[in-house]
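Dear colleague,

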Amino acid sequence: MDAPLLAVEDLRTYFYSRAKRAFIRSVDGVSLHVAPGETLGMVGESGSGKSVTALSAAGLVSAAPGVIGGRIDLRSNGTRRNLLDGLERYVRVQVQDGRIMAVEKDNRGWRRRAEALMQGVRGKEIAMIFQNPRSALNPYSTIGTQLVETIRLHTSAKGEGEARERALHWLERVRIDSPRLRFDNFPFGMSGGMCQRAMIAMALSAEPSLLIADEPTTGLDATIQSRIVELLAELKAETGTATLLISHDISVIQRLSDRIAVMYGGTVVETGRAAKVLAPQAEARHPYTAALLGSVPSADTIRRKSYLQAIEGEVLDTIEVPRGCRFYGRCNRVTEAIRENCAGLEPPLGEVAPGHKVRCWLYPAARNA
Amino acid sequence: MSRTILDVTDLRKDYSQRRGLISMLTGQERVIPAVDGVSFYLRENETVGLVGESGCGKTTIGRTVLRLTDPSGGRIVFDGHDITRLSRAELRPLRREMQMIFQDLDAGLNPKMRVHAILREALTVYERPSDAEIARRIRELLEQVNLKDSKLANFPAELSGGEKRRVGIARVLAVRPRLIVADEPTSALDVSIQAQVVNLLRDLQKHLGLTYLFISHDLPVVELVSEKVAVMYLGRIVEMGLAESIAHQPRHPYTRILWSSLADKRSTEVRAPRTWGVFDFEQPVSGCRFAPRCPLYQDKGRPAVCTDPASEPPLRDLGKGHVVACHFA
């Protein structure tokens, strides 16, 4: 296997909720990696920490305390750099009975150091597409101007004319019709799907090594969604940009991902090749993944008009993280043999098959890990 | 056969849009026909699904049939009463029988009231029950929507999305409605919670004999819960029929696109890009309003009948209650 382009290790990102007077452990020890040219799809419910993982990797978490630890290794131009290098000395965390009591973080020192590390990375090496394209585009300048700006800043095309040519080329590549006309359009004059295309053009025009696509199709109409998914699939084949794709829509993840990470309560509970993880009859599978797949109506459910397999209970709020498995309270596959483990000890990610890991006591791999 | 509870004939709803100073002075306004001649009916204890892209008029239909906005034309008959032109006072006794579940989870939940007070208010809108009766009804409602007693003391902001949805449903059930317009009841929720709510709505229908107009863009869910499905495009119903025939033997090219876009997202093969624009109320259309985006229109070599201003395709009956508005379907 190729050395990973992005390797995240034990990433922890916490926030403080004033309303709840407690720390929320949005990302709580996430490890994952993306190989060059690969698309890693992250699925999970809202609050499972998928977006925050991506934002942390892009250095875009601004709320306090924010990222408090871990490693984010990015390989570019043959060198590896840890985007969180030397940052741990700015943070001290106090934990008591699984509850975060206090986080001391020297935010100014952290920010100065982090910005220095992110220099030349954000926008250039790591580009992002967001859920709401209209809010990510500058409403006061035309699509063309924004594209040209990106290209001149991040690529070798520094001249106005050359950059303009490239910008038009990118508008064509994202299948915006009459690109010359659209070049001078402002975001408000364009539909949501068109804005998302422009956003994709902008992200890719910097020729990043990693693209983070955070819910790129959410909020668009069904017919437009499938067009955007198709476009992303084509561009993936054309440019081979490694992608971290985040979506709660399993069909989008299924269509575009090579590998998948299923997140629950701030951790990765299952990871492996997409075909394996989402296979209708997987040999080993995290009960949460199974439940997620079951809560979407299948052809069979519809035909027999049967009930959906709902996951009882609510999404974990990650304030008071249980001592055992994070999914224990909602899990329907706890057996007497493993109950004690499930309730008392968080299972490790155990390798159930080559490259396929599941964080569940059901599988011997976890017990042996 | 159960009887018809809601009968809508040729419903119209125009929104006028004033633009700038000149149109204000000259009194000219542009009219947007959000709902443009829609007819359908609902039988007691059945679910009709209403699908289409955003902006096609689904929600406007929902709001208009409940008279939350006034129709511009057509006829709405609820349970034998023509309610099209009833005044607010005349509508009031009927209101409790027809309720709406809004897409917005916070709609109808006063942020300054605890869940208990919200439910109590809903129970006392039409009746003056005793305190003991209120307590009994609240317990019953909580049981119906599967919500814990402990949530009664919470403010809406302290509830999760799924819990807010349950309180919203309990509040609607408090007045014992017969017809519920559910406008995207699951779209603001997580997948696992969506499944809970869909199951809950089906249970309630079974036990309380409710009738649903189920508005959603989530096609598999609509197919699952509905007996009949109506597909809307630009303010009109372009196809309507039994849920399984709409999903598996769609006749209108737009219905096909809708369902195939679902399959496209799932399939892993790369397909040749097909192009169609987005729809636009502001573009004048003559003839069939789907023609500008229609693949069939292109395949047939742009037949004149499709864009003939005099012949917008009417809904043709294909048998078994399946109707379609296309010259070629």
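Predicted model: local features only at pLDDT ≥ 70, side-chain atom pairs only at ≥ 80, totals over all residues.

To begin with the interface, 36 residues of chain A are in contact with 31 residues of chain B. On the side of chain A that touches chain B, at least two residues are supplied by each of the helices α8 (222–239), α9 (250–256), α11 (287–294) and α12 (299–304), and among these it is α8(A) that gives the most, with 10 residues. Sorted by class, the residues on this side of chain A comprise 16 nonpolar, 12 polar and eight charged.

Within chain A there is an open sheet of eight strands, which run in the order β8-β9-β10-β3-β11-β12-β14-β13 and show mixed pairing. Its edges are formed by β8 (126–129) and β13 (350–353) of chain A, each of which pairs on one side only, and the twist from one strand to the next averages 25°.

Turning to the helices of chain A, α5(A) packs against helix α7 (residues 192–205) of chain A at an angle of about 130°, with the two axes 9 Å apart. The two helices are therefore oblique to each other, and their crossing is right-handed. On the α5(A) side the contact is made by A:Arg166, A:Ala167, A:Trp170, A:Leu171 and A:Arg173, and on the α7(A) side by A:Ala201, A:Leu204 and A:Ser205, a set that by class has five nonpolar, one polar and two charged residues.

The loop between α5 (160–173) and α6 (179–182) of chain A deserves a separate look. A:Arg175, which lies in this loop, has a positive phi of about 55° although it is not a glycine, and A:Ser178, found in the loop between α5 and α6 of chain A as well, has a positive phi of about 40°, again without being a glycine. As for their surroundings, A:Arg175 has 18 C-beta neighbours inside 10 Å and so counts as partly exposed, whereas A:Ser178, with 10 other C-beta atoms within 10 Å, is exposed.

Chain B contains 11 helices and 12 strands, and of its 329 residues 42% are buried. Among those contacts in chain B that link residues at least 6 apart in sequence, 66% join residues at least 24 apart.

The helix pair that I looked at in chain B consists of α4 (residues 115–123) and α5 (residues 131–145), which pack at an angle of about 110° with their axes 10 Å apart. With that angle, α4(B) and α5(B) are therefore roughly perpendicular to each other, and α4(B) passes α5(B) in a right-handed crossing. Here B:His116, B:Leu119, B:Arg120 and B:Leu123 from α4(B) meet B:Ile134, B:Arg137, B:Ile138 and B:Leu141 from α5(B), and the residues of this contact divide into five nonpolar, one polar and two charged.

With kind regards

How values were computed
Residues numbered from 1 in each chain as written. Chains lettered and ligands numbered in written order. Axes fitted to C-alpha atoms, helices over the stretch in contact; angles between N-to-C directions. Helix = DSSP H or I, 4+ residues; strand = E, 2+ residues; numbered from the N terminus. Parallel < 35°, antiparallel > 145°, perpendicular 65-115°, else oblique. Left-handed = near helix turned anticlockwise from the far one by under 90°. Contact = placed C-beta atoms within 7 Å. Nonpolar A, V, L, I, M, F, W, Y, C, P; charged D, E, K, R; others polar. Pairing = 2+ DSSP bridges. Buried ≥ 20, exposed ≤ 12 C-beta atoms within 10 Å, placed from the backbone.
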